[in-house]
Amino acid sequence: MPAAVRVVVPLPVDQTYTYLVPDDLQEEARVGCRVLVPFGPRRLTGMIVGAAEPAVEGVTLRPILDVLDETPSFTGEMLRLTRWIADYYVCGWGEVIKAALPSGIEVESRWVLVRTAASCDGWTGPPAARAVLRYLEVHGGEASLDALRQAGLDARLALARRLERDGLVRVEARLARPKVRVRREKHVRFAPAFRTPAARADLGALLRGAKQVAVVEALEALVRAGKREPRRAEVLARAGASAATLNGLVKKGILEVVEREVIRSPLDAPAPEEVPPPAYTLHPSQQTALDRIHEAVAAGRFETFLLHGVTGSGKTEVYIAALKAVVARGKTGIILVPEIALTPQTVRRFRAHFGDRIAVLHSRMSPGERYDAWRHLRSGRFSIVIGPRSAVLAPVSNLGLIVVDEEHEPSYKQFDPAPRYHARDVAVMRAYMNDAVCVLGSATPAVESYMNARWGKYTLLSMPERVPVPGHAAAPLPVVHIVDLALEHKKHRLDGVLSEPLRRAIRTRLDRNEQVILLQNRRGYAPVIACRSCGWAPMCPDCSVSMTYHKDKRLLRCHYCGRTRRLPPRCPKCEAEDLARLGAGTQRVEEELAACFPEARILRMDLDTTGRKNAHHELLERFRKGKAEVLLGTQMVAKGLDFPRVTLVGVVDADVGMLLPDFRAEERTFQLLTQVAGRAGRAGLRGEVILQTRNPDRPVLRYAVAHDYEGFVAAILPERELLGYPPFGRIVGVEFRGPQEAEVRQYAGRWTAALRGQVGEALDVLGPEAAFIGRVKRQYRFHTIIKVPRGFKTETLQRVLRHTGIRAGAPPGGSRVAIDVDAVGLF
Ligand code: ADP
Ligand code: ZN
Ligand code: ZN
């Protein structure tokens, strides 16, 4: 038994700290357990990551104060994985550990001891424990750890748990802030003597009054319906009786009330499907892909597959089949999806197959729900978890498969807070550490992933065709047309945002009773307001961006910080009453649609209409049920939806996003256009896509029209190679941010100079420069970009970055520096 341990605390430091383990906590202090430790004047919750030498010369070690976990929160595997993330993404190990634990289970929880034994005579525990029991006795049988501490008693959770094991107390967590408590519900069952129908035959004689009879009959009926222990509330409701009546029956020894833990299921997750999922015969290309995956699963070897399949090629069916093979071998699986709210159909399909063996994680869960899911994953009660990027850190053991659906999605990269990890890359690493299989799926893989497959690091599996729908030939990919807006304008055919060809196409669909999806990747009414006589434009006072006009609320809104102000009736600078509303957001498109097609029912889906819980789901359901003909929205409409009656997809402005100074702008556009186009024409109805643009000659549009992913990649690779961008090199973005412009600029300069001083010419260091959006939420932003050539040692990079931070010193007050390894979105 180690007399000292190494502890990691949740701070942005690259260090572990050594603490002594007091004799009476030796048993509890295991690796992977959370502990309470003194840290300077503070007390922090840390995690034991290993044993340490108790004697360090010249240093007096302090003891840990308490052990907070009964079973370790982390396995050795999670410790190794989080350590790797801290190294690779250059952040504190404690920060990663914190990210992998459900929030809200910190020690601020008010632990309460409740005495359960009438007396502890004859119990021979240590005097400190006896003192605690005596305290409980004279204080109504209940006391919080805080109260014990204030009374000068031993207030350690580990000690309380030991008393609990001896049957003397119950330890309850009464969380002060977030409600993270195991919820219990009362259930009712017959007492042992009355468990068989025969024994209940002459129960009648024991009952007093109609109410008691009603309760017994209600329970009887529920038992016959297969519920052996229905919820008490259900029985009472059915019997129309009160709890007092039921308690009377308990006293008589006829019924028993038992408490059961409730697994809080995410409120807005769709209920598991009642109907069994269809059993498909896999299409040959699906079968080929699956065979390759199976082979790796059967061999129990690490392998990463890139499943490149067009939308509708049946990727999800392949994931499900692969998962079944893994689960059949007693292993577990993780499914990553970009954002649960945007993929309800995918989640539902998994649930239909795996029922209650699957845990669903999503961003709108309460801390309690998250905590429950986490605990049950750790205990092995669920064998599959589906969720967004943080699900890659789920505490599953015996991992067999990780699926990353839509692996190209930027939302897999975390920015704030650290760790700034990419869930796809962590997934590959985690699979590697577990001899597991990783499947990355996409219709438009990230160029990095595609090249990793070409270079042999991943195995490429292609599914170039849509799955044939029974009774139809394979749905062909939609026909894509480009409408040149400049030309339309010249021909005087454009008096709004919808061109003549797009209007005609919509008209046809409405006449045929089919549906339309329109993408306008910008919300609000008009992105820019400008005075026609002096050029004044309202800017957000806290961010260096113009404010977007929202017509529904007649407000100007900043899309970076949310600040709003009224639209002035006249220009505040020159007093002219001539404020132009330039550009078009979803609201303006909606207005024009309504004017053109007064009979059409239009659903608008953007951040402004989906703020409410479930709003997103409800909008999609209405569209699916045919309660609207047109679904208009931002990129949300492009994701994971499968509506058989949609035969037209219109992209109102294919140029949105092209001006961002990001080397991935073209790639993103191609992905978005391909994705939204994939929504058109599925169940045997031929689809059409119309892209409106002012730059019809841009290569990205040409390749999108031809559904030519490979051609697109080939076209953009030379420039990436020339400039050393991924996949030919790695990018580290460093962001400096703070309230004082001069201070931040100066610190950014010092930091970058310290970096250059170490690396000389070995790395290409650009900057610092003011960021594209130089100010957000009153914080000035500067960027330094580091290009790391392929083959540059990762360890060297990590060492250099950590040293740079030390040499440059701490950032000035209120400022900070964020190191973003493999940055996504550089503006
Ligand atoms: P992707 O994930 O590649 O977009 P899906 O797995 O969603 O594709 O499949 C597209 C549609 O085809 C879905 O409605 C799915 O139920 C159906 N499908 C998938 N595989 C088959 C198959 N082998 N036979 C019949 N239908 C299938
Ligand atoms: Zn003006
Ligand atoms: Zn703002």
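**View 1. Cys-534 counts as partly exposed, at 32% relative accessibility.** Cys-574, at 33%, is partly exposed too; here buried means under 20% relative accessible area, exposed over 50%, and partly exposed in between, with a 1.4 Å probe and protein chains only. This is a predicted model, where local features need pLDDT of at least 70 and side-chain atom pairs pLDDT 80 or more, while totals for chains, interfaces and linings use all residues. Residues are numbered from 1 along each chain as its sequence is written, ligands are numbered from 1 in the order written, and side-chain values use heavy atoms, without hydrogens and water.

**View 2. Four cysteines hold the zinc ion (ligand 2).** The SG atoms of Cys-531, Cys-534, Cys-571 and Cys-574 coordinate the ion at 2.2 to 2.3 Å (donors are N, O and S atoms within 2.8 Å of the metal, or 3.2 Å for Na, K and Ca). Angles of 105 to 112 degrees among the 4 donor atoms make the site tetrahedral, a label that needs all angles between 85 and 135 degrees. Along the chain, the donors are spaced C-x2-C-x36-C-x2-C. Cys-534 lies in the loop between strands 20 and 21 and Cys-574 in the loop between strands 23 and 24, so the pair ties together parts 40 residues apart in sequence.

View 3. Strand 13 is joined to strand 14 by 3 bridges, and Val-360 stands opposite Ile-386.

Methods
Pairing = 2+ DSSP bridges. Helix = DSSP H or I, 4+ residues; strand = E, 2+ residues; numbered from the N terminus. Tetrahedral: all angles 85-135°; square planar, octahedral: opposite > 155°, others 65-115°.
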